[in-house]
Amino acid sequence: MKHFTVILLLGLFMVLTGCHSPEVKFSDMRPAPTAAVSSGSVTVHLGGDYFNSATYIHPKSRIDGQTVYIFGYRTLREQSGRFVVRLPASVSSQSVTVIWIDPDGRHVSIPLTK
């Protein structure tokens with residue numbers, strides 16, 4: 001009985017901690033994200049998590065100059081597939097670049113749509 005309890009606790013620990021890291025790679029999303037730039041904002045259309053359909057992507061952003069950096073974490077809380085980033089007045093929407101940051105630091109350009 002003691003061995004059964006240990007195995008059960010180890011199994012429960014593995015389930016609760018998850019098998020994947022909480023950060024989302026660009027290649028983990030299907031369909032691939034796209035971005036639309038309008039005056040004053042960038043709307044990113046996120047794909048779903050290819051490896052785990054029971055989770056959602058919780059996006060975060062950072063703006064540096066004319067570049068919008070997006071990254072995300074897995075969450076069980078339902079999230080919209082659309083993420084809007086408001087641009088500061090100093091940023092021209094004509095020359096914005098949108099980049100996804102993978103957990104390993106790799107930068108992937110998100111294609112812009114009209």
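Strands β5 and β6 pair in the antiparallel sense over 9 bridges. Here, strands (E, at least two residues) and helices (H or I, at least four) are DSSP runs, numbered from the N terminus. Two strands pair if DSSP finds at least two bridges between them. Within this pairing, Ser 61 stands opposite Ile 70 of β6. The hairpin has 2 residues between its strands, and Gly 65 takes a positive phi near 65 degrees there.

This is a predicted model: local features need pLDDT of at least 70, side-chain atom pairs count only at pLDDT 80 or more, and totals for chains, interfaces and linings use all residues. Residues are numbered from 1 along each chain as its sequence is written, and side-chain values use heavy atoms, with hydrogens and water left out.

**The sheet**

On its other pairing, β6 joins β8 (residues 97–101) in the parallel sense over 4 bridges. Tyr 69 stands opposite Ile 99 in β8. The open sheet has 4 strands in the order β5-β6-β8-β9, with mixed pairing. Strands β5 (56–64) and β9 (107–109) each have a single partner, so one side of each is left without a neighbour in the sheet. Neighbouring strands are turned by 35 degrees against each other on average, direction ignored; the axes are lines fitted to C-alpha atoms.

| Strand pair | Sense | Bridges |
|---|---|---|
| β5 and β6 | antiparallel | 9 bridges |
| β6 and β8 | parallel | 4 bridges |

**Arg 74**

Arg 74 lies in β6 (residues 67–75). Why does Arg 74 count as buried? Its relative accessibility is 15%, and buried means under 20% relative accessible area (1.4 Å probe, protein chains only), with exposed over 50% and partly exposed in between. The Arg 74 side chain reaches the backbone oxygen of Glu 23 at 2.8 Å. It also makes a polar contact of 3.0 Å with the side chain of Asp 28. A polar contact is a pair of N or O atoms within 3.5 Å; within protein, one must be able to donate a hydrogen and the other to accept it, and residues adjacent in sequence count only if both atoms are side-chain atoms.

**The core**

The largest nonpolar core holds 19 residues. Such a core is a set of buried Ala, Val, Leu, Ile, Met, Phe, Trp, Tyr and Cys residues joined through side-chain atoms within 4.5 Å. Val 42, Val 44, Ile 70, Val 98, Trp 100 and Ile 110 touch the most other members. Strands β3 (41–45), β6, β7 (82–86) and β8 each supply at least two residues of this core. Leaving out residues up to four places away in sequence, Val 98 touches several residues, including Ala 35, Val 68, Val 108 and Leu 112. Contact means heavy atoms within 4.5 Å.

**A cis bond**

Arg 30 and Pro 31 are joined by a cis peptide bond, with omega about -10 degrees. Pro 31 sits in the loop between β1 (29–30) and β2 (34–38). Most peptide bonds are trans.

**The whole chain**

The protein chain has 1 helix and 10 strands. Of its 114 residues, 31% count as buried. Among contacts with a separation of 6 or more, 54% come from residues 24 or more positions apart.

How values were computed
Axes are lines fitted to C-alpha atoms, for helices over the stretch in contact, and angles run from 0 to 180 degrees between N-to-C directions.
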